[in-house]
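Colleague: I am new to this structure and would like to go through it with you. Could you put it up before I ask anything?

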Amino acid sequence: MATEPKWMDAEETSALAILLEPLKRQVQVLQDYSYLAARAIASLFSPPLYVNDLLQQMDIIGIGSLPIVLLTGAFIGAVMVLQTASQFERFGETALTGDIVSLALVRELGPAITGLLVAGRNASGMASELGSMLVTEQVDAMRAMGTDPDRKLVAPRLLATMCVLPLLTAMADFVGLTGGFIVSYFTLRIGAVEFWTRALNALEFSDLMQGMAKPVIFAFLLATIGCYKGLTVRGGTQGVGRATTQAVVASSVAILVSDFFLTKLALFLAGKSL
Amino acid sequence: MNAASSEPVISFEDVHLGFGDGDVLRGLSFRLLPRETKVLVGETGSGKTLILKLAAGLLKPIAGHVRVLGRDLGPMTEAQLLPFRREIGFVFQESALFDSMTVGDNVAYRLTEEGVEPSETDARVLEALTFVEMEHAVDKLPDELSGGMRRRVSIARALVSRPPIVLYDSPTAGLDPITSQTIITLILRLRDTQGVTSLLATHRLQDAFALANYGFDPAQNRVMKASLPELASRNGQPSTNFLFLREGKVYFEGGQQAVLESPDAYLRKFLV
């Protein structure tokens with residue numbers, strides 16, 4: 001075979017390589033991830049769609065995550081009231097509690113906390129399940145039998161997460177407000193009519209749009225990152241453990257970083273940008 | 001045998017493949033004829049599994065050509081390869097059964113994907129599982145089976161769509177001698193009753209010799225010494241051939257007799 005032309009001496013090559021190698025690896029990872037995500041999206045728009053797998057994933061992600069999402073949502077709403085009430089009391093404006101809990105939950109905390117919880121539970125689950133399938137050659141077996149793993153494994157997980165995360169977020173928002181109301185009632189003596197009227201009146205259509213659009217993006221990120229980490233496992237079972245951890249960390253960071261930019265965009269579109 | 005049927009089913013031409021640390025395969029060439037069984041023998045890491053994955057189009061060579069059933073797999077896209085792979089049965093080293101599915105669903109997988117009628121699927125799954133004597137395990141999960149049983153189910157899964165080619169990746173690795181013998185008997189039956197072309201990777205030469213020395217006689221429904229000419233040879237050529245790999249190339253290719261008579265030290269290492 002022809003040898004590569006030598007264009008740089010060994011010392012220079014190694015110094016350059018040391019500097020460029022990590023960057024090249026990251027670019028390669030980004031490229032592979034984008035390619036996987038694009039293939040998964042494309043496979044949603046052409047047959048076959050694995051409906052049984054989709055429903056199974058919706059059950060695992062949606063119903064499976066419901067208890068922790070509801071429990072966490074209720075306590076987030078409750079603790080928000082505890083934290084804000086003491087501040088509002090100083091100005092005699094405790095009636096604003098409903099407004100602030102409602103806005104914070106619907107715009108920000110509901111989507112972010114639900115996204116992080118589902119990332120912790122399901123991005124890790126996807127990475128470990130697909131990673132285990134990869135190291136035990138089940139993914140190769142699938143390809144050998146004429147099935148596209150992106151279509152069979154990634155697409156149902158992606159679509160299921162994008163369908164159920166907004167619903168989970170809506171439920172988290174509601175139980176968060178309920179938790180906030182309960183604490184307001186017992187600590188600040190705010191009545192139900194006052195709390196719920198203020199909580200609902202504080203919300204505009206743009207707030208609901210923001211609160212429901214964010215989970216769709218978060219779902220896309222956590223599902224694709226979880227699947228990507230699973231399908232790129234190296235190093236056997238130890239590699240599966242590493243991929244699981246990386247999936248949680250990467251998807252959580254991606255959710256929090258994207259949240260900032262999504263909030264900025266949503267406020268700009270609503271004409272509330274600073 | 002007519003001229004068309006003597007065209008190779010699988011051919012490798014100067015195939016190179018590597019993963020960063022240098023090439024594992026360095027100019028590998030061989031041909032596999034219809035109904036032939038070729039046994040790939042080599043040390044661990046010699047590239048036996050890679051050859052099987054190349055033949056199934058799961059990997060692509062960095063140079064050279066892999067042709068299967070007359071088609072060059074190199075330029076084919078994954079979308080073109082997916083339906084093409086249905087012509088090939090693949091028995092993986094660790095069985096690679098889908099652990100969340102029952103044995104029946106594992107064996108039915110390919111038929112379900114192809115949209116075969118459920119009643120026909122059930123009949124063919126039962127036929128395949130009966131062939132490997134695992135029909136009693138149809139509702140079990142792979143976790144509930146022993147290693148040898150999983151290997152038998154894996155063979156059933158490979159043969160259920162009646163592919164003309166079956167690739168076996170170390171089918172007896174890690175099994176006790178009696179279970180290994182059962183697996184080899186199944187491979188013999190598949191070869192001699194259904195006429196499949198087989199490529200088999202192993203580092204156990206005794207398995208390969210069993211394939212060369214024995215045949216399955218469908219008339220008597222039993223394994224017998226391959227003194228029968230129709231079992232022992234094809235057009236005067238042995239139907240089971242050996243391909244020894246060394247340093248990414250074909251080191252030796254020939255029938256059992258040639259292997260046994262060779263004075264070569266590398267070959268003799270496998271005979272001990």
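Colleague: How many residues does the contact take from chain A and from chain B?

Modeller: This is a predicted model, and the contact is counted in it from both sides. On the side of chain A that touches chain B, the residues divide into 3 nonpolar, 4 polar and 4 charged. The contact takes 14 residues from chain B and, from chain A, 11 residues.

Colleague: Which element of chain A has the highest mean pLDDT?

Modeller: Chain A averages a pLDDT of 92, and 95% of the residues score at least 70. Among the elements of chain A, the lowest mean, 88, belongs to helix 1 (residues 10–44). The highest, 97, belongs to helix 7 (residues 205–231) of chain A.

Colleague: Over which residues of chain A is the pLDDT below 50?

Modeller: Where pLDDT is low, the predicted coordinates should not be read in detail. The stretch you ask about has 1 contact in the model beyond near neighbours in sequence. The pLDDT is below 50 over residues 1–8 of chain A.

Colleague: How many helices and strands does chain A have?

Modeller: Along the sequence, chain A reads α-α-α-α-α-α-α-α. Its C-alpha atoms fill a box of roughly 85 × 50 × 35 Å along the principal axes. The count for chain A is 0 strands and 8 helices.

Colleague: Which are the edge strands of the open sheet in chain B?

Modeller: The open sheet of chain B has 4 strands in the order 2-1-4-5, with antiparallel pairing. An edge strand pairs on one side only. In chain B these are strand 2 (23–32) and strand 5 (71–72).

Colleague: What is the bridge partner of E13(B) in strand 4 of chain B?

Modeller: Strand 1 (residues 10–18) and strand 4 (residues 63–68) of chain B run antiparallel and are joined by 5 bridges. Helix 1 (residues 48–55) of chain B packs on the sheet and touches strand 1, strand 2 and strand 4. In strand 4 of chain B, E13(B) has as its bridge partner H65(B).

Colleague: Is helix 3 of chain B parallel or oblique to helix 4 of chain B?

Modeller: Helix 3 (residues 103–113) and helix 4 (residues 118–131) of chain B pack with their axes 9 Å apart, at an angle of about 130°. That angle therefore makes helix 3 of chain B, relative to helix 4 of chain B, oblique.

Colleague: Which residues of helix 4 of chain B does helix 3 of chain B meet?

Modeller: Helix 3 of chain B passes helix 4 of chain B in a right-handed crossing. The residues of this contact divide into 6 nonpolar, 3 polar and 1 charged. From helix 3 of chain B come G104(B), V107(B), A108(B), L111(B) and T112(B), and they meet, in helix 4 of chain B, T121(B), R124(B), V125(B), A128(B) and L129(B).

Note on methods:
Residues numbered from 1 in each chain as written. Chains lettered and ligands numbered in written order. Predicted model: local features only at pLDDT ≥ 70, side-chain atom pairs only at ≥ 80, totals over all residues. Axes fitted to C-alpha atoms, helices over the stretch in contact; angles between N-to-C directions. Helix = DSSP H or I, 4+ residues; strand = E, 2+ residues; numbered from the N terminus. Parallel < 35°, antiparallel > 145°, perpendicular 65-115°, else oblique. Left-handed = near helix turned anticlockwise from the far one by under 90°. Contact = placed C-beta atoms within 7 Å. Nonpolar A, V, L, I, M, F, W, Y, C, P; charged D, E, K, R; others polar. pLDDT = per-residue confidence, 0-100. Pairing = 2+ DSSP bridges.
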